[in-house]
Amino acid sequence: MTNRQHLHREGYALLRQAVPSGWLDELRSAFDAGVKASEQWPVPRGPGWRHALLDHEPRIQAVCRLPQLLAVVGELIGERFFLAQVEGREPLADGGHQQLHRDLSMQRPGDIANVMVYFDDYGPDNGATRIVPGSHRPKPGEPPFDFNDESRSVQLAGAAGDILVFDVDLVHAGSRNLTGRRRRSILISYFAEALYESHLQTRNLRGIRMDASERFEPMDGSDSLTSGA
C-alpha cells in the first residue's frame, strides 16, 4: 500500500520531526507571548485550555507553509485550497479532555483538513490527541458512530516537531493532561477554495487577523506523503 492509499484509507498522516528542530525554541516563545485569557477572545474559550493568538507570527506562518505539510493537505482536500486559521492550544493540568467528535466538512466530504503541530513532546500523560483511524468515511449501511465508544481510538505519542494532518471528518478528541506537563501546539485549518466566502463571514468571531488570499495547489504525483501512528 502506498503512502497515498494509506492516507485516504486511514484519514490521517503523522509527519515525524517535520518542523526543523532549530525553530522549536522560537515557536514555544511565540506561543507563550501570544497567550490570551478566555475573555480576551471574540468568543470566550472553554475552561481547561490555554489559548494563544499567533496568526501574525512569521515563524508560525512558515510552519503552515512547510512543503511536506502542504503536500499532505493538498492530497486530502484534492483541489485548490487556502490557509484559513491557526491558533495555539495547550491543555492545562487536569484539563483538555474532549469527547470523541468530528469537526465536519462544509460542502463536500474532505473539503477541510486540520493539522496539529506539536511544540513539546506528547503522550498519554500530558493530553495527547486521540484518533479513530478510518472513521472519516463510514461504509454504506454502517451504523452511526458511537462517540462514547473508545474501543477503536488510538492515543498518539511522539516528539516536539511532529505534525498530525487529518481529514476534518476523522473522529478525534483531546485528552486530559494528567501530569500538567506542557503540551503546546498549534491547530491549523486549511479550506477548499469554494469555502472562502463563508470563511470571511465568520473570521472575526474566530479571532482571525491574518490575510487568507494566498492559494495553494495540490501537488500531483508528490512523493513526500508520509503516514504512520
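1. Is alanine 173 buried or exposed? Alanine 173 is buried, because its relative accessible area is 1%. Here buried means under 20% relative accessible area, exposed means over 50%, and partly exposed is in between (1.4 Å probe, protein chains only). The residue sits in strand E9. Helices (H or I, at least four residues) and strands (E, at least two) are DSSP runs, numbered from the N terminus.

2. A word on the basis of these values. The model is predicted, so local features need pLDDT of at least 70 and side-chain atom pairs count only at pLDDT 80 or more, while totals for chains, interfaces and linings use all residues. Residues are numbered from 1 along each chain as its sequence is written, and side-chain values use heavy atoms, with hydrogens and water left out.

3. What does alanine 173 touch? Contact means heavy atoms within 4.5 Å. Leaving aside neighbours within four places in sequence, alanine 173 is in contact with Gln98, Gln99, Leu100, His101, Thr129 and Arg130. Glycine 34 is 139 residues from alanine 173 in sequence, and their C-alpha atoms are 24 Å apart.

4. Next, the salt bridges. The whole structure holds 22 of them. A salt bridge is a side-chain nitrogen of Lys or Arg within 4 Å of a carboxyl oxygen of Asp or Glu. One of them joins arginine 28 and aspartate 120, at 3.4 Å from N to O. Arginine 28 is in helix H2 (residues 24–34), whereas aspartate 120 is in the loop between strand E5 (112–118) and strand E6 (130–131), so this pair links distant parts of the chain, 92 residues apart. Aspartate 120 counts as buried, at 10% relative accessibility.

5. Arginine 209 and aspartate 55 form another salt bridge, with their closest N and O atoms 2.8 Å apart. Arginine 209 lies in the segment after helix H5 (196–202), and aspartate 55 in the loop between strand E3 (49–52) and helix H3 (58–64), so the pair ties together parts that are 154 residues apart in sequence. Arginine 209 is partly exposed, at 39%. Aspartate 55 is buried, at 3%.

6. Glutamate 90 and arginine 182 also meet in a salt bridge, at 2.8 Å from N to O. Glutamate 90 belongs to strand E4 (residues 81–91) and arginine 182 to the loop between strand E9 (172–173) and strand E10 (185–192), so parts 92 residues apart in sequence are tied together. Glutamate 90 is buried, with a relative accessible area of 2%. Arginine 182 is partly exposed, at 31%. Salt bridges that share partners join Asp25, Arg28, Asp32, Arg50, Glu90, Asp120, Arg182 and Arg184 into one network.

7. Helix H4 (residues 67–77) is mostly covered, with 9 of its 11 residues buried. Among them are Leu69, Val72 and Ile77. Glycine 78 follows H4 and has a positive phi, near 80 degrees.

8. In helix H5, look at leucine 200. Leucine 200 is partly exposed, at 35% relative accessibility. Its C-alpha atom is separated by 19 Å from that of leucine 187, 13 residues away along the chain.
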